[in-house]
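I opened this model to look up a few helices, their packing and some single residues. My entries follow in the order in which I made them.

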Amino acid sequence: MNIRLMLDTEKFTAKPTKDQAGKIVNRIAQHQASVTLEQLAQAITEGRTHTPATFQPPHETYGAARKKNECWSSQQIFELDFDEGLSVQQFMLLCNEYSIQPSIVYHTFSSSPEQEKFRAIFTLEQPVTDYRARGVIQLALMRLFPQCDSACSDAARHFYGGKDIASSDYEARLNVHVLIQAFCFAEYRKGNAERSIRNFCQQTGLSIVNNLPGVYLVTDVEIEENTATSNIYYYRACGEILSFEFSVDESKVKCTPTSAGKRQTKHPVDVRKTKHGVRRGFDFNALHESCQEFREFQEGSRRLTHNERFGITTNLVNVERGRTEFAEGLSSREDYHYDKGLYEFKYADSYGYGPMACHSFCPYADSCCHKKIMLQQPDIKRSEVRRITDVPLKLLSVAEEELQQHFNISMSAADNQVYAIKAPTGIGKTRLYTSCNLNNVMIVVPTHRLREEVAQKLHENGVEFCNITDRPVLDDEEKEQLIQSYIKIGAYSEANQIFEGYVLRAKYLANKHESLSACQQEAIIYQHAMEQIRNDSAATILCTHDKLPYINSRRIKTVIVDEDIMKTALLKSGKVYLQDFQKLLSYITISKEINSSQRNKLSEQIQAVIKDLTEATPHRIIKTGTYSFDTKLLVHVLKNNKDCLESNMLEFLDTNCYFIKSSGGNQFEYKINRVEKVFRRDKKYVILSATCSESLYRTILSERVDFHDVGQVKLTGTIKQYVKNGYSRSYIANAPDKSFSEISKKVGSLPTFFYKKMSTDNEYKKLTQRYKINIVGYFGNTAGYDGFKGQDIAVVGTPHVTNNEYLLTAACLGYLAGLSDQTTQYQPIIRNGYEFWFNTFDNELIREIQLWEIETELIQAIGRARAIREDCTVLVLSNYPIPGASIKELGE
């Protein structure tokens with residue numbers, strides 16, 4: 001490591017004369033050097049003069065640097081000069097006591113065996129660039145060693161060379177935090193700490209925080225949360241970030257150099273008090289069993305370094321009985337400084353230090369199976385949520401550039417891969433794809449509301465496209481009812497024929513120049529869009545997720561998917577009822593639409609289906625058989641009886657799906673994997689989603705998927721989350737009044753996203769009105785909605801779905817769950833850098849499906865405020881920790 005300082009070129013064998021000294025002053029200001037400590041030691045023994053600091057030209061001027069305090073620029077070494085009152089040996093003993101070590105100690109030219117005179121050089125790991133911080137370090141050293149020359153405080157002070165090196169440790173680095181601790185302890189031992197610390201802060205311009213100098217450890221998170229100010233200087237070194245909190249500007253301190261003499265300039269001092277909480281009921285016995293370093297400290301089996309002991313201090317300082325346990329460790333060995341150790345504990349307590357991470361002080365951090373901090377070594381309690389890893393946060397501009405880069409790569413790729421890009425909500429995905437080349441491209445969005453927003457942007461950008469709207473509800477009630485009946489049983493072609501007949505009649509009227517209803521006009525437009533797709537005349541298509549499996553235009557080469565389509569297109573869910581198949585069997589028996597041979601064949605097939613359904617074991621995942629029905633024959637039978645059925649029978653019979661039988665034996669939930677229709681082999685797909693799961697996409701698409709996660713982005717706004725209660729549907733159902741009362745106290749009048757049932761069920765609607773909860777949206781219908789951008793909102797609940805939903809999804813992904821896989825239990829899990837208790841499955845795939853579904857709904861709801869760009873606050877009441885949230889405890 002090289003040190004920058006001012007180093008004279010002339011060598012001397014004795015102290016320079018007055019005339020020589022003047023020339024040195026004029027010469028040294030022009031000789032800035034970069035040297036190692038070994039080279040500095042050699043220069044000293046050659047009699048060359050040096051100044052520890054570097055200098056720059058006067059403010060707003062050009063030319064040569066000047067060796068004056070007001071021209072000070074930076075400093076990495078600090079020097080003390082001793083002419084009397086202390087020998088080198090005594091000085092080194094004091095340094096050991098204070099846990100600081102000099103890099104170089106050298107005898108001056110006038111030193112003799114009878115009167116030892118020497119200087120000591122302390123080296124920082126990184127230079128300080130704030131003049132006030134320089135003064136703090138220099139004065140703290142001088143207060144620790146009052147025997148030194150008071151002129152050492154001058155930032156422009158130069159030091160002559162010396163006779164020889166009395167002691168050297170070129171690896172020694174001065175830890176400024178340890179230095180300030182040592183200074184405070186020395187004053188505490190003298191009995192006048194409060195007055196002395198106040199005087200110290202008045203001289204240096206420091207603030208006073210809880211009766212201590214305003215120099216304390218902080219984290220990157222705290223820096224991000226604090227407003228930038230010229231009176232805070234952050235110094236990074238020794239793996240720590242030290243905050244210097246000043247009461248005065250740097251320019252004022254430069255004009256009033258620090259002095260250790262009687263005449264001292266005193267600056268006004270800001271005094272600040274802080275409070276911090278205490279963790280109660282901590283299990284120290286469990287910590288003793290699980291943490292080797294804490295066990296060694298308590299038993300005294302190994303002497304811990306000062307840094308190790310301070311790391312333990314920060315972990316115990318905010319814990320009930322922490323001081324007692326720490327004192328027990330200090331008393332385990334005679335070579336620990338008991339009083340100093342307890343003072344450092346008090347020092348850390350005064351600043352309210354949070355626990356240091358294990359890797360920053362523990363020698364076993366890389367070898368033991370540990371968590372992030374020592375306090376997390378014992379097993380997590382049910383009420384806890386722990387952050388065990390720090391997830392790096394990117395600046396929005398960096399994330400935007402990364403998203404643009406990977407989107408461009410995906411769009412330009414000449415293959416038929418599936419490119420999944422995971423990026424936060426509100427980062428600008430819609431703006432990204434609406435402004436690119438959309439020739440032979442289909443855009444697929446989650447909702448019709450977002451489709452209309454995208455359509456508007458495409459119109460503004462001059463893009464010609466085919467807009468697949470939702471099918472208009474016909475104003476001919478009989479035909480509309482007929483269509484709905486066909487759709488309900490899965491007879492989609494027949495439903496489409498009814499609609500086309502309506503459109504044909506509308507066109508006939510239009511050709512006769514008769515007026516059309518609004519519905520007829522919309523139907524013609526809708527039909528025209530569908531014809532464009534069928535004849536491949538549309539170069540650009542815009543539609544919703546649910547339409548994707550049914551659109552196969554040969555002209556389209558690339559499909560851009562906005563948000564995850566796992567639930568909305570890839571996997572389709574439904575229900576069938578045993579009684580409907582029994583009804584169908586009776587309809588076949590009496591049907592006049594088919595002949596006897598056809599009747600017998602269909603009857604046998606339906607009887608086989610009924611037998612499979614009847615014999616199915618409840619709550620077990622089963623794959624449907626291959627029945628090979630003639631769909632057209634079934635439609636002939638069903639068309640006169642369709643209103644009596646509730647099941648999508650044709651879809652259930654015509655596809656290989658998975659189903660699960662209810663305990664009652666009449667209802668069957670099923671799910672279909674439509675991967676071949678959604679991810680066609682002749683097209684490339686680019687998915688832009690905030691919630692897509694890499695593991696699930698790789699399970700489905702294997703090597704065809706190319707996945708990239710942009711990562712988490714530093715928010716402009718804030719997400720505050722309370723995790724003590726998850727407010728699941730079952731919890732609310734068991735205690736509705738209590739739940740709504742608690743929720744109301746937290747969310748107040750904030751626009752709130754909640755469960756759909758809370759705004760549709762009469763009992764819950766009454767509670768909502770009584771407790772004045774402003775429900776504006778619900779889980780399952782939030783993706784892409786921009787109506788609450790920049791507003792403070794609340795998101796309440798942990799949106800579990802039924803276990804059957806998770807199990808059927810797993811089956812579609814290739815895993816048939818056994819009975820042992822189907823139950824959940826409350827257990828500790830790790831996800832998104834958090835460790836927490838959650839009611840979940842043991843099987844990894846089913847657990848991933850469950851957590852992905854919950855996370856998807858929460859993140860989409862939270863994203864409506866666009867906190868990534870907007871200065872707003874999102875309040876979350878859920879026991880599922882959200883990435884980027886500030887985790888709180890309910891009632892804190």
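The entries below record what I looked up, beginning with the conventions.

**Conventions.** I noted that this is a predicted model, in which local features need pLDDT of at least 70 and side-chain atom pairs count only at pLDDT 80 or more, while totals for chains, interfaces and linings use all residues. Residues are numbered from 1 along each chain as its sequence is written, and side-chain values use heavy atoms, with hydrogens and water left out. Helices (H or I, at least four residues) and strands (E, at least two) are DSSP runs, numbered from the N terminus.

**Entry 1: helices H4 and H5.** I looked up how H4 (residues 131-144) and H5 (residues 176-190) pack, and found an angle of about 40 degrees with the axes 9 Å apart. Axes are lines fitted to C-alpha atoms, for helices over the stretch in contact, and angles run from 0 to 180 degrees between N-to-C directions. H4 and H5 are therefore oblique to each other. I use the bands as follows: under 35 degrees is roughly parallel, over 145 roughly antiparallel, 65 to 115 roughly perpendicular, and the rest oblique. The crossing of H4 and H5 is left-handed; that is, the near helix is turned anticlockwise from the far one by less than a right angle, whereas clockwise would be right-handed. For contact I require heavy atoms within 4.5 Å. The residues of H4 that meet H5 include Val136, Ile137, Ala140 and Leu141. On the H5 side, Leu179, Ile180, Phe183 and Ala186 are among them.

Entry 2: Ser99 has a positive phi of about 65 degrees and sits in the loop between helix H3 (88-98) and strand E6 (104-108). Phi of Asn211 is also positive, near 70 degrees, and Asn211 lies in the loop between strand E9 (208-209) and strand E10 (212-213). For accessibility I apply these limits: buried is under 20% relative accessible area, exposed is over 50%, and partly exposed is in between, with a 1.4 Å probe and protein chains only. Ser99, at 30%, counts as partly exposed; Asn211, at 40%, also counts as partly exposed. Arg195, found in helix H6 (residues 193-204), counts as exposed at 64%.

**Entry 3: His288.** Is His288 buried or exposed? I found His288 buried, with a relative accessible area of 18%. His288 belongs to helix H9 (residues 284-290). Not counting residues up to four places away in sequence, His288 touches Phe294, Arg295, Gln298 and Glu299.

**Entry 4: helix H17.** I checked the length of H17 (residues 477-489): its 13 residues reach 19 Å from first C-alpha to last, close to the 18 Å expected at 1.5 Å a residue. The expected span is 1.5 Å times one less than the number of residues. Its buried residues are Glu480, Ile483, Ser485, Tyr486 and Ile489. They pack against helix H18 (492-511), helix H23 (631-638) and helix H24 (649-654). Just after H17, Gly490 takes a positive phi of about 95 degrees.

**Entry 5: helix H18.** The end C-alpha atoms of H18 are 28 Å apart, which agrees with the 28 Å that its 20 residues should span. Among its buried residues I listed Glu494, Ile498, Phe499, Tyr502 and Val503. The buried residues of H18 pack against H17, H19 and H23. The axes of H18 and H19 (residues 518-534) come within 9 Å and cross at roughly 115 degrees. That makes H18 roughly perpendicular to H19. The crossing is left-handed. After H18 comes His513, with a positive phi near 60 degrees.

**Entry 6: nonpolar cores.** A nonpolar core is a set of buried Ala, Val, Leu, Ile, Met, Phe, Trp, Tyr and Cys residues joined through side-chain atoms within 4.5 Å. Which residues touch the most other members of the largest core? Of its 135 residues, these are Phe679 and Val795. Helix H31 (residues 844-862) gives the largest share of this core, ten residues. Apart from it lies another core of 101 residues, including Phe183, Ile197, Val215 and Tyr351.
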